[in-house]
Structures are given as structure tokens and as C-alpha cells.
Amino acid sequence: MSTVDTRQLIEQLAGEAAPVGRLPSPWVRTGFWLALAAVNLLVFVLVMLPRRDLSAAVSDPRFVIEQFAALATGVTAGLAAFASVVPGFNRRALLLPLLPLAVWLGSVGTGCATSWIRFGPAGLTVTPDWACVPAIALIGLAPAVTMAFMLRRGAPLTPHTTAALGGLAAAGLGSFGLRLCHAEDASVMVLIWQVGSVALLTATAAVAGRWLLGWRLLTRHGR
Amino acid sequence: MNPESAILRTLPLDDAALAAGMRAAQSGDPHAYAALLEGITPWLRRYIRKQRRFLQAADVEDLVQDVLLSLHAVRRTYDPGRPFLPWLFAIVHHRLADAARRHASRSAGEASPEALEATDSGLHVTSLDGGTNMEESAVGDPRALQQAIQALPAGQRAAIHLLKLKEMSLKEAARELGTSVGALKVAAHRGMASLRRALARKAVKE
């Protein structure tokens, strides 16, 4: 490739510089995404019906902390995902979800430890609750698809990280929604089935990042 | 001060002027856009040459064009309320890192990095980056590919012809052309890169 080719390329790119709609800021996009996700969540909770013991559950500080942390993880992961597709945006934004995630895992972990101390190994009995994975995926599906479309409008600077954050955002909200309907508060069950599902869905999204987001999808010349 | 802002500070580029150019480009002003791209290209070339001292001029130019195409593809992500250079720098930085990864995986899986294949639907240029990243540009119009091959320098054209179309082995083709296997590999790789780019340009045009 020579400098002459580069000059030709510039002429060509300038020639097809149709007006483009500017991407709103990550804050605005997160707000828009959350509004859609909130409607989706509301529909699910109304269809699945809130758990009967919800009023009792909200008086349990651990339930409230974990729900708040799951929600905050979803929101901050969404913001971080949208920030990650804007070149030049502060990369520290990508660390935002770590704090609520640590609170969430910390609370669930403490719960497991308390059960162990109080009941011994019996306190950590795990029974199958496979429904959690599809339930969280289903509640998070519409937000995840919306997220994927929105992320593809940005720059795929870090496809895997961006997709993982998007997956974490959708799965975090999914887990929040599920626990409003599904009466399962034993910490070890929450850890294995709910946090585990979120981790699985996030990892799947990270792997899918290369297919979902990539320069080859934008520039058509690949690479 | 982090290294990034140190570099940005020493750039002989006027951020305010570039930001104004990019705003105009987003609104569809071709002249402002051409001026912007022409303004940053010499700097890009210098910067990439400095970062990748081992690369030959043609490869540096490939990277410059990669950055320009990428910038073009994501021009909607520039926020006129923010400075232009950090935005540009992030794209350059990531594209250089991508290229380094591509290079590493290509060296790891040297056997058959690229293939040119004729099928019923036309001709396909495929690049296999160590098996982890496969992308393909299909050329519906075989004439476009023929033209692109014709436009290649003689050495590259011969390499593509013998290796990809006549499917000779590297050894056979090197003997036929009276060159070394190493030189032939380089010529074939360059040729494939030029073809991909030529076809991409055509795709952009359409």
C-alpha cells in the first residue's frame, strides 16, 4: 500500500461522508436502556406474580442489600458497557460494576458462612434449581438483545469486555427480577443458582463478543 | 500525567480545529472531512512508524488505512462536546493492538493463513488468523477480483496466481518464480492484504 492509495482512500471516504446521527452519551443511553428494561421487568413480575412473602422478605436486611446490589450491578454494568464503545471515554468507568458486585457476592458469601456456623454442613445443602438459568436468561433476554443492538452502534474497541459487561447488566437485572418472584433465600442456593447463572450468562456473552461486536462488521474489509 | 496525555500534549495538531472538522464531517461536509483526514494522516504515519519500527513502509501504510477506515466506521461515536485527540488516540491505540494480535496469531499458525476459493456464488477471500478469527469477504462479481489481481504489483500477482489459484505448494511456486520460500510468503501475504483492501474499498463504494 502506498501513500497514493491512502490519498485515494481519503477522497473516497470523504465522498461518502453522509450526515451521521451522533451517538448520545453513555449516560443517556443507559437511561434509555434502563427505561426499556424496567418495563420488561414489570411485565415479567406481573406475569410471574410477586412472591407471597415479599413483604416479609423486604424486612430482611440481607434480602434488601442483595437486591439493591444486584440492581446496582446491572445498572453500573450497563453504563460501563455503553462507555466502553465510546473511544476516549474514561476506561475507569469499566471498573464501576465491581463495587456493587463485591457487595452482592460479599453478602451472599456472608450468608453462606453464617449458615455453616449455625447449622454445619446441613446449612449448605444444595438442591437442584435448574429453572434459575433459563428464568434469569428469559427475564434478561429483551434487555440483552436491546443492549446488543445498542452496543453495535458504537466502536468495538474491547469486544469481549463490552459483551461481558452487557451480559452482566442484563443478567444482573434478570436476577433482581427473579428474586422478586422466586422465594429462595438460602444463601448457598442463591450463590450456586442465581449468582452462578449470572456468571454463566456473563461468560457466554464474553465469548460471543467476537461475533456480536467487531470491526469486520463495520468496515467490511475485515480484520 | 499518564503517558497518553503526554503524547497528546506533544502532538503538532490543533484539537479545537480538528474537533470543528469532525463536527462538520458528522454533518456531512465532505471538504471538512477530507481536510481533517489529510491533516491527521501524516501524524498517524509518523506515530505508527515510531511505534512499530520493525514494519516496512507498506505495512505502516496498511495500518494508517486501517485506522482511517475504522475512524470512518465509528465517526458517529465522536461527541462534539469532548476533545477530538483522545477519541482518535483510543482508536489508533486499539487498532494497533489488534494488528499486533493478528500478527502474533498469524505467525503462530503460519501454515495456511489465507485462502482464495472459487465457489458457485463467486470468489471468496478468506483469512484465518490462527483459527481464532475468521472473516471472509465474498466477491459476487469475479470481474472485480480479476481487476484487483491485475492491479497488483507483478511479484504479488505471480505469487497469488501460483499459490492461490493454481494451488501450487510454496516450494513449487518458489522454484517456478526463481525466488525463496520466505520472499514468496511475504509477496503472497502482501498480495492478499492488498486484495482484501481493494475489495473492501469497492464494497464501501457500493
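A nonpolar core is a set of buried Ala, Val, Leu, Ile, Met, Phe, Trp, Tyr and Cys residues joined through C-beta atoms within 7 Å. Buried means that 20 or more other C-beta atoms, placed from the backbone, lie within 10 Å of a residue's own.

Okay, quick housekeeping. What you see is a predicted model, where local features need pLDDT of at least 70, side-chain atom pairs count only at pLDDT 80 or more, and totals for chains, interfaces and linings use all residues. Residues are numbered from 1 along each chain as its sequence is written, with chains lettered from A and ligands numbered from 1 in written order.

So, the core. The largest one has 82 residues, and B:Leu37 and B:Leu68 touch the most other members. Its largest share, 10 residues, comes from α7(A), a helix being a DSSP run (H or I, at least four residues) numbered from the N terminus. Skipping neighbours within four places in sequence, B:Leu68 is in contact with A:Leu9, A:Ile10, A:Leu13 and B:Leu37; contact means C-beta atoms, placed from the backbone, within 7 Å. There's also a second, separate core of 18 residues, with B:Leu163 among them.

Now, how do the two chains meet? Chain A puts in 36 residues and chain B 46. On the chain A side, α1(A) gives the largest share, 9 residues.

Last up, two helices of chain A. The axes of α4 (residues 61-84) and α7 (residues 159-181) come within 7 Å and cross at roughly 155°, the axes being lines fitted to C-alpha atoms over the stretch in contact, with angles from 0 to 180 degrees between N-to-C directions. That makes α4(A) roughly antiparallel to α7(A), a label for angles over 145 degrees.

Methods: Angles under 35 degrees count as roughly parallel, over 145 as roughly antiparallel, 65 to 115 as roughly perpendicular and the rest as oblique. A residue is buried if 20 or more other C-beta atoms lie within 10 Å of its own, exposed if 12 or fewer, and partly exposed in between; C-beta atoms are placed from the backbone. Two residues are in contact if their C-beta atoms, placed from the backbone, lie within 7 Å.
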